[in-house]
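Hi,

Here is the structure I promised to pass on to you. Have a look at it first, and then read my notes below.

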Amino acid sequence: MRVVIADDSRVMRQIVIRTLRQAGYDWEITEAADGAIALEVVTDEQPDLVLSDWNMPNMTGIDLLRALRAGGDDVPFGFVTSEGSPEMREQAAEAGALFLIAKPFTAESFRAVIEPVLA
């Protein structure tokens, strides 16, 4: 599995990677510091999954998801973000996200949303 993790915080990207490893996922991971970089990486590398923060400079996570879908890319996409309001969850689902994990998260919460994507 090849995964792109988009988050403007390097520390948060490392936490997400560590949590994925704790959940048993030893995947090939590419990091992106914002949505614009993630868009280039996803377009070039065609990963199996994108995990993105919502609030990032240059291009937000929701704008990244909308740009991918507008370009015909249906890569499985989920949000890992500090907010999880009902409005955000609705926006994410309408744009085509498969899940939204709100921080703080655990290896178990990752497995709970990722296992159905892998099935």
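Let's start with the charged pairs: there are four salt bridges in this model, which is a predicted one. As a reminder, side chains of opposite charge can pair when their charged atoms come close. One of the salt bridges is between the side chains of Lys 103 and Asp 7, with 4.0 Å from N to O.

Lys 103 and Pro 104 are joined by a cis peptide bond, with omega at about 0 degrees. Pro 104 also sits in the loop between S5 and H5.

Now for the sheet. In what order do its five strands come? Going across, you get S2-S1-S3-S4-S5, in an open sheet with parallel pairing. S2 and strand S5 (99-102) are the edge strands, each pairing on one side only. On average, neighbouring strands in this sheet are turned by 20 degrees against each other, ignoring direction. For instance, Val 4 has Thr 30 in S2 as its bridge partner.

Glu 28, which is in strand S2 (residues 28-32), belongs to a negative surface patch together with Glu 40, Asp 44, Glu 45 and Asp 48. Which helix gives the largest share of that patch? The answer is H2 (residues 35-45), with three residues.

One last thing to look up is Gln 46, in the loop between H2 and strand S3 (49-52). Gln 46 has a phi near 45 degrees, which is a positive value in a residue other than glycine.

Methods
Residues numbered from 1 in each chain as written. Predicted model: local features only at pLDDT ≥ 70, side-chain atom pairs only at ≥ 80, totals over all residues. Heavy atoms only, no water. Patch = residues over 30% accessible without salt bridge, like charges linked within 9 Å, V, L, I, M, F, W, Y side chains within 5 Å. Areas by Shrake-Rupley, 256 points an atom, 1.4 Å probe, with all protein chains shown as cover. Lys, Arg positive; Asp, Glu negative; His and termini not counted. Charge placed at Lys NZ, Arg CZ, Asp CG, Glu CD. Helix = DSSP H or I, 4+ residues; strand = E, 2+ residues; numbered from the N terminus. Pairing = 2+ DSSP bridges. Axes fitted to C-alpha atoms, helices over the stretch in contact; angles between N-to-C directions.
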